[in-house]
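Open the model in your viewer and keep the selection tool at hand. Each stop below says what to select and what is there.

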Amino acid sequence: MVLETTVPFLQSVGPNLFGLLYTGPTICALIIGIIAGAMMHKTPTNGIKLNTSAWIAIIIVALLVAFWLGTFPYYTGLNFGPGFVMAIIGAIIGRAVLGTKIKA
Amino acid sequence: MSDLLKLIAYPASFLMIGYGVMTILGGHITPGGGFQGGAMMASGAILCILAYGLKDNPFSLSHERMSLVESCGALLYICLGLVGLLAGGSFLYNVGTNIYGLVPAGLQTMFNYPDALHAGIIPYLNIAIGVKVFIGLTTLVILFYGVTKFAGDYIDNEEID
């Protein structure tokens with residue numbers, strides 16, 4: 001009963017935010033990104049150590065690529081690839097929260 | 001590998017993962033899907049394995065974590081199939097679109113994927129397959145990479161001569 005009332009309400013509110021963004025694929029992108037980020041090490045390895053500026057550079061490049069991708073694959077009003085950006089943000093969050101620590 | 005490749009590989013792997021996820025999520029309306037997107041995600045991990053090696057790899061390639069994620073992908077696929085079996089009478093019946101009107105309205109609404117074309121459970125299947133392929137292909141490369149360590153055991157120059 002609860003599902004039959006709440007799910008249609010959420011889907012009526014959520015699917016197409018102001019005609020710009022489909023929230024379902026965006027949330028799914030975040031979840032898959034978190035799963036991928038959880039497969040990474042939280043602490044830097046011997047091979048690589050990224051500082052704050054490197055993470056900011058990654059996000060800026062992701063935003064540029066998402067802008068160049070345009071509305072693909074959901075042709076909404078937002079000229080932006082939200083799935084791409086949310087996947088990368090999810091990977092960064094997943095790495096920070098669920099990533100493994102390497103024992104020194 | 002060179003320092004330049006090491007500098008680029010890890011940030012580039014994030015972009016590859018992003019492309020892979022985007023391919024997975026658009027699999028029901030554009031070319032691509034779970035396998036292709038999962039392979040693109042795996043290419044990010046594979047690039048890091050090739051650049052940094054297995055030991056210094058920024059990806060956590062433990063058996064427990066990989067088996068957990070891959071099993072979750074397979075279980076999600078089977079569960080979606082069983083939902084179709086129980087509600088619609090056939091395995092992998094698309095309860096989200098409910099072509100033959102066999103599924104209760106609440107269940108149909110719950111599995112309806114909120115996007116442009118309302119593809120039902122197809123995007124969820126793509127996600128399950130993508131996660132499984134991501135881990136599966138990464139595991140294959142780890143195995144191949146590990147085997148090369150013992151390449152000398154398999155090549156006996158004296159026998160060949």
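Select H3(B) and H5(B): H3(B) passes H5(B) in a left-handed crossing. A crossing is left-handed if the near helix is turned anticlockwise from the far one by less than a right angle, and right-handed if clockwise. Helices (H or I, at least four residues) are DSSP runs, numbered from the N terminus. The model is predicted: local features need pLDDT of at least 70, side-chain atom pairs count only at pLDDT 80 or more, and totals for chains, interfaces and linings use all residues. Residues are numbered from 1 along each chain as its sequence is written, chains are lettered from A and ligands numbered from 1 in the order in which they are written, and side-chain values use heavy atoms, with hydrogens and water left out.

Stay on this pair. H3(B) and H5(B) pack at about 150°, with their axes 8 Å apart. Axes are lines fitted to C-alpha atoms, for helices over the stretch in contact, and angles run from 0 to 180 degrees between N-to-C directions. H3(B) is therefore roughly antiparallel to H5(B) (under 35 degrees is roughly parallel, over 145 roughly antiparallel, 65 to 115 roughly perpendicular, the rest oblique).

Now show the side chains. The contact (heavy atoms within 4.5 Å) includes Met66(B), Val69(B) and Tyr77(B) of H3(B), and Leu125(B), Ile129(B) and Ile142(B) of H5(B). By class, this contact has 13 nonpolar, four polar and two charged residues. Ala, Val, Leu, Ile, Met, Phe, Trp, Tyr, Cys and Pro count as nonpolar, Asp, Glu, Lys and Arg as charged, and the others, Gly among them, as polar.

Next, pick Glu70(B) and Lys132(B). They form a salt bridge, with the closest N and O atoms 3.0 Å apart. The term requires a side-chain nitrogen of Lys or Arg within 4 Å of a carboxyl oxygen of Asp or Glu. Glu70(B) lies in H3(B) (residues 63–88) and Lys132(B) in H5(B) (residues 122–147), so the pair ties together parts 62 residues apart in sequence. Over all chains, a search finds one salt bridge.

Move to H4(A) (residues 82–98) and H1(B). Their axes come within 8 Å and cross at roughly 125°. H4(A) and H1(B) are therefore oblique. Their crossing is right-handed. Among the contact residues are Phe84(A), Ile88(A) and Arg95(A) of H4(A), and Tyr10(B), Phe14(B) and Met22(B) of H1(B). The contact divides into eleven nonpolar, one polar and one charged.

Rings of Phe, Tyr and Trp (its six-membered ring) pair if their centres lie within 6.5 Å. The whole structure has six aromatic pairs over all chains.

Last, select H2(A) (residues 23–37) with H1(B) (residues 3–25). The axes come within 10 Å and cross at roughly 135°. This crossing is right-handed too. Its contact has nine nonpolar, no polar and no charged residues.

Conventions: Rings of Phe, Tyr and Trp (its six-membered ring) pair if their centres lie within 6.5 Å; planes under 30 degrees apart count as stacked, over 60 as edge-to-face and the rest as tilted. Helices (H or I, at least four residues) and strands (E, at least two) are DSSP runs, numbered from the N terminus.
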